[in-house]
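Hi,

Here's the structure I promised to pass on. Have a look at it first, then read my notes below.

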Amino acid sequence: SLTKAEKRYFKMFTSLQSGEKGYLKLFEAIEKSEHYNEEKIKKMFAGEDFIKRLPAVKNYLYNQILKSLRIIYSGNTAESELREIMEDVSNLYEKRLYKQCAKILDKAKELANKNEFFLQLIEINSWKEKILIELLTLDKYEAIIDKHLEEEINLIESQKNIARYRSLYNKMILINRKIKEARSEEELKQFQSIIEHPLLKSIDTAYTFEAKNYFYRIHLIYNHAKGDNEASFVIADSQLKLIESYPEKIKEKPQLYITALN
């Protein structure tokens, strides 16, 4: 499934490593094969030392490919950029460079807020507490404890709201996989059992972009299943406007926007 560019980068990535490279021979053999055939591989490299440790070499090759993919796509999305920042925070904290940690965390928080990454914001909040107790006087630290608690509870509530909408969406998808279009009252009732949930009465009960997007997707599936094209169009138009009001989301997940346009 690797592209030509990814394969090329993997070979450059491995060229920097020293030691025995049986895993690279394995990679090149698999690359040239139309289908993976382990018996053929064993015969091809009979007598080679690495073939005696084939399960371990396969595992090492797999992990090296994943590592090279992490590097090649490093920072390509806000989510991956945030993961890297949090790695930096962890490393700086171990070196007791607390002021640098605090500065980087401010950058992480801004990025997470902009993209509504609530789980990451909870992690950032926890890190801030660990770092601020090292930087602030006890009086100043005591003054922020309740504020941090309130902020974290709000983040958890937002994440719970998303989780509830995601669960409703997954249930609707499950029904939709079994029944594409309702052809009887009995089939329609299965869709209605989800759509009648209190959280699906009004968009106002969805607090975040992700929750609102699930709200629209659920209603789209329902109206499509009952054959109401006019209602489907109105919902699709509302969903598109939601996505367009979050340009960061279009940049982060272009496929989301393309699907909404379609």
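Predicted model: local features only at pLDDT ≥ 70, side-chain atom pairs only at ≥ 80, totals over all residues.

**What I found**

The rings of phenylalanine 215 and tyrosine 216 make an edge-to-face aromatic pair, 5.7 Å centre to centre with 80 degrees between the planes. The structure holds eight aromatic pairs, and ring pairs also tie Tyr93, Tyr98 and Trp127 into a cluster.

Next, the nonpolar cores. The largest one has 53 residues, and the members touching the most others are Ile124, Ile131, Tyr165, Met172, Phe191 and Leu200. Several helices supply at least two residues each, among them α5 (78–94), α6 (98–115) and α7 (118–135). The largest share, nine residues, comes from α10. There's also a second, separate core of 15 residues, which includes Ala29, Phe50, Leu54 and Val57.

Now find α8 (residues 138–178) and α9 (residues 185–195). These helices pack at an angle of about 175 degrees, and their axes are 10 Å apart. That angle is over 145 degrees, so α8 is roughly antiparallel to α9. Where they meet, α8 brings Leu168, Lys171, Met172, Ile175 and Asn176, while α9 brings Gln190, Phe191, Ser193, Ile194 and Ile195. By class, that contact has six nonpolar, three polar and one charged residues.

Finally, zoom in on phenylalanine 191. Leaving aside neighbours within four places in sequence, phenylalanine 191 is in contact with Met172, Ile175, Asn176, Ile179, Ala182, Ile221, Tyr222 and Ala225.

Cheers

How values were computed. Residues numbered from 1 in each chain as written. Heavy atoms only, no water. Axes fitted to C-alpha atoms, helices over the stretch in contact; angles between N-to-C directions. Helix = DSSP H or I, 4+ residues; strand = E, 2+ residues; numbered from the N terminus. Parallel < 35°, antiparallel > 145°, perpendicular 65-115°, else oblique. Contact = heavy atoms within 4.5 Å. Nonpolar A, V, L, I, M, F, W, Y, C, P; charged D, E, K, R; others polar. Core = buried A, V, L, I, M, F, W, Y, C linked by side-chain atoms within 4.5 Å. Buried < 20%, exposed > 50% of the residue type's maximum accessible area, 1.4 Å probe, protein only. Phe/Tyr/Trp six-rings, centres within 6.5 Å; stacked < 30°, edge-to-face > 60°.
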